[in-house]
Amino acid sequence: MANKYDMFLRFAFVFMFISCHLSTCKGFELELEILLSLKSSINTNQISHPFINWNSSLPFCKWNGITCFDSSHVSKIELPGKNLSGKIPNSIFKLPHIQSIDLSNNQLFGEIPNNLSSCYSLRYLNLSSNNLTGPIPIGRLPFLETLDLSNNMLFGEIPEKIGFFSGLKVVDLGGNILSGNIPNSITNMTKLEFLTLASNQLSGEIPKRLGLMKSLKWIYLGYNNFSGEIPNSIGDLINLQHLDLVYNNLTGEIPLSLGNLTNLEHLFLYFNKLTGPIPITFFDVRKLVSLDLSDNFLSGEIPELFFQLQNLEILHLFSNNFSGKIPNALSFLPHLQILQLWSNRLSGEIPKDLGKYNNLTILDFSTNNLTGKIPENLCSSSRLFKLILFSNSLTGEIPKSLSLCKSLQRVRLQKNELSGELSPEFTSLPAVYFLDFSDNKFSGRIDDRTWDMPQLQMLNLAKNEFFGELPDSFGSNSLENLDLSGNRFSGGIPEKFGEFSDIMEMKLSGNELSGKIPDQLSYCKKLVSLDLSHNRLAGEIPTSFASMPVLGQLDLSVNELTGKIPSNLGEVESLVQVNISYNNFHGRLPSTGAFLAINSSAVIGNNELCGAVLPPCDDGAKNRSSTHWFVLASLLSLVTIFSVAVFVAVFVRQRKRIPFDSKRVVESEDGAWELQFLNSSVSKWMTVKDIVSSVREENLSYKRRRFFAKEIAPAATKNWTEWTRLYCEINHPNVVKMLAVCRSEKAAILVHEYIQGKNLSEAIRRLSWRNRIKTALGIAKALKYLHCCFSPSIIVGEISGQKIMVDEKNEAHLRLSLHGMNHCSDNKCFDSSSAYVAPETKGSKVLTEKSDIYGFGIVLIELVTGKSAGGDAELGMHESIVEWARYCYSDCHVEMWIDDNIIKDDNQGVIDYNQNQVVETMNLALQCTAGDPAARPCAVDLVNNLESIVRSSSCVFSGFKLLFS
């Protein structure tokens, strides 16, 4: 009997072993089959693709991206950023032991399989940064802790059943096209720590029961359409560290309950419609590091209770309605680095201890009603690099401490009532590149010290009371803009000004300068605009001015200059605007170049000058004998009628010949065309027929000459003469030259020089990172030229990839058009349908320099990301590329938004980009596209920042992420 029992046990053991083995084999085969179906469903464009070792020669536990436990069952699939495309197969969620799936940052498309609930053991699911569409799948997954579906194109509402995911700790659904309200069931996820729903199209009110989610540490609901008030229940989230509700339509006052958030470190509420004061309870949030309440309608005084926020590093309260004084409490925040209160109604004095106990790097109080003196301690941290105080009523002298602040880079104090002299120490600051003290009451000499400012690029001391002689140098080899106009400078123009090799604009007008104009100024080969008007200059115009290659504007009016106008000055092709009025010139005006169609107001006041628009010159001899005169008079009296007839005939015939003139009227089969040449050389071969035919046939070649002709709407010709005169003056290597303009009653045509290459929209994908930043720098230099070298500045109107030509050497050229080709009413001209038009322009219909900066920022985003501003399908739920870029910059790793074509290495396997440079460029793009125009940098800043990015390969990314508001 015992033997039978033993045999039974042995038989049972063998049966169980075989059954278990068969089950394991069956499970192994199932998992292998699922993995192979995944491989067959997904493609990759990489040469060394991740599936290269997915074959029978290796156990699947050793395949790329696969992790197993017990060396037999798949527990993880990790294939992020592998350039995978295709649809996700249903079978992937049938892996019986899978715990983690990461297919993020690929190009997967289609819907997420609806059998998600089959994956019972799943803990981590990341499908972010793909092209997935459809609704959010729902199922009961009690162990799921992380759900990241961000940066796709998922649409529809957030399902009410999302509350079934009760074990979730991280939910990121940002960057999709989700709409509707946040379902109340979301409050069932009581373990949730991180909630991101930003950059969707969600609307309605923020759930009042949000306060039930006690574990929340991070809430990001920005860039949606939420309305109503901020719920009081948020104050119950005592573990909350980060709250971001920016770019919504939230109204009402900031809840008092936010004072309960004692662990909160970052609070961002900017770009809403919040009203009322800053609540007193707010200052119980002692751990706060970053606070941004800008661009709202907040009012009242800024409380002294800010003293309680001892950890505060960044404070943005700009663009509100705050009034009263700047609180002294801000002076005693030891970690405060960035303080921006501009564009409010603040009054009184700047606190005298501000900066003494802070760590200030950026200070902007511009456009307020501040009075009193600039405090002595602003640079006590020795880190202050940006000081912006313009458009106030500040008085007194520049503090000595600022003269010793060697960290300063950008100083704007214009439009105040500051006085006193510039100290020798201030004129030796080593890092300052932008210095604007214009429109104040500064006085004294500036030639009695050594200027040593090696980084200086822009110096504006205009409209002050400086006197004495001009210094020989400003200690910089990089000076590009110099404005000393409207002072009482005397003496001569220093010959060493000719050593300013990079100078583009020089204004010395409205002074008491005397002596001759130095020949050495002609050494300034980049000089575009020279204004020496309203002085006491004497002598002749240097003939060497004719050798200046890009000189476009020359104003010598109201001086004591004498002699003849150099005949070769009219041969300078770049020279388009000359004013020599009210001098003592004599002789004949040149009959070429800018003098051809010169306005009489530009030459008036020279009694002995003749020709062109002035009375004709008398070249006859004045001392003929009386007999000779009598004979001649008798002869003329006999043939008067005949002479008049001959004169008329010759005059008419000569008129029909028309030598080169800047304007012609030509009859054609299409009617009368007015042809205005902007370049004298093209008049010898270009005809209306050539231009009209090129538009019709899209042919750029005529008589072996090439040009680009573009037809525009005739409605844009109201200020035709003024525009064409303005565009004659433009001469810059990064601006496409306009050769001619042509118009009739039915149409108008612009004729540009032909650039061998492609527009940026077509060329962008072949450009390396190095060439992309080169392109950006080229266009920034063009904007700097157009904005800074003309008065008034030239506004581009719409900057887009279509208007930027990239030649065969990867140099960028900006193609201009006359203002307002699509809509125009005086200076209010723009294309309202363009994605490159700034938001305020669409509302006010007024173009400004800042609207150009906005368009440039869009182009920067395109250069960095490869996305198209008009490509709505690529931007998912985001209303604009700006919103998409801000979301990516704040919430996504750089590799998720950088253009894949940048990351690709070249033929030698060298990666041609620097990630820090990419981040800095994106940061600059977001500054350019700031909602408030005043927050956008100027063109000079663009050039400086881009040149700095090229020079430097390092930046503190985390510090700048918070500055793009």
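**Cores, a helix and paired strands**

In this predicted model, the largest nonpolar core has 170 residues. Ile77, Phe306 and Phe474 are the residues with the most contacts inside this core. At least two of its residues come from each of helix H1 (2-41), strand S2 (66-69) and strand S3 (73-78). H1 gives the largest share, three residues. In soluble globular proteins, nonpolar side chains tend to be buried together.

Another core, of 71 residues, lies apart from the largest one. Among the residues of this other core are Tyr247, Ile773, Ile902 and Leu924.

Leu924 is also one of the buried residues of helix H14. This helix covers residues 915-928, 14 residues in all, and at 1.5 Å a residue it should span 20 Å; the C-alpha atoms at its ends are 20 Å apart, which agrees. Of the 14 residues of H14, 11 are buried, so the helix is largely enclosed by the rest of the structure. The buried residues include Gln917, Thr921, Asn923 and Gln927, as well as Val918, Val919, Met922 and Cys928.

Strand pairing can be followed from S4 through S6 to S8. Strand S4 (residues 84-87) runs parallel to strand S6 (residues 107-111), and three bridges join them. Here Ser85 has Gln107 in S6 as its bridge partner. S6 also pairs with strand S8 (residues 131-134), in the parallel sense and over three bridges. For Phe109, the bridge partner in S8 is Asn131.

Definitions and conventions. Residues numbered from 1 in each chain as written. Predicted model: local features only at pLDDT ≥ 70, side-chain atom pairs only at ≥ 80, totals over all residues. Heavy atoms only, no water. Core = buried A, V, L, I, M, F, W, Y, C linked by side-chain atoms within 4.5 Å. Buried < 20%, exposed > 50% of the residue type's maximum accessible area, 1.4 Å probe, protein only. Helix = DSSP H or I, 4+ residues; strand = E, 2+ residues; numbered from the N terminus. Expected span 1.5 Å × (residues − 1). Pairing = 2+ DSSP bridges.
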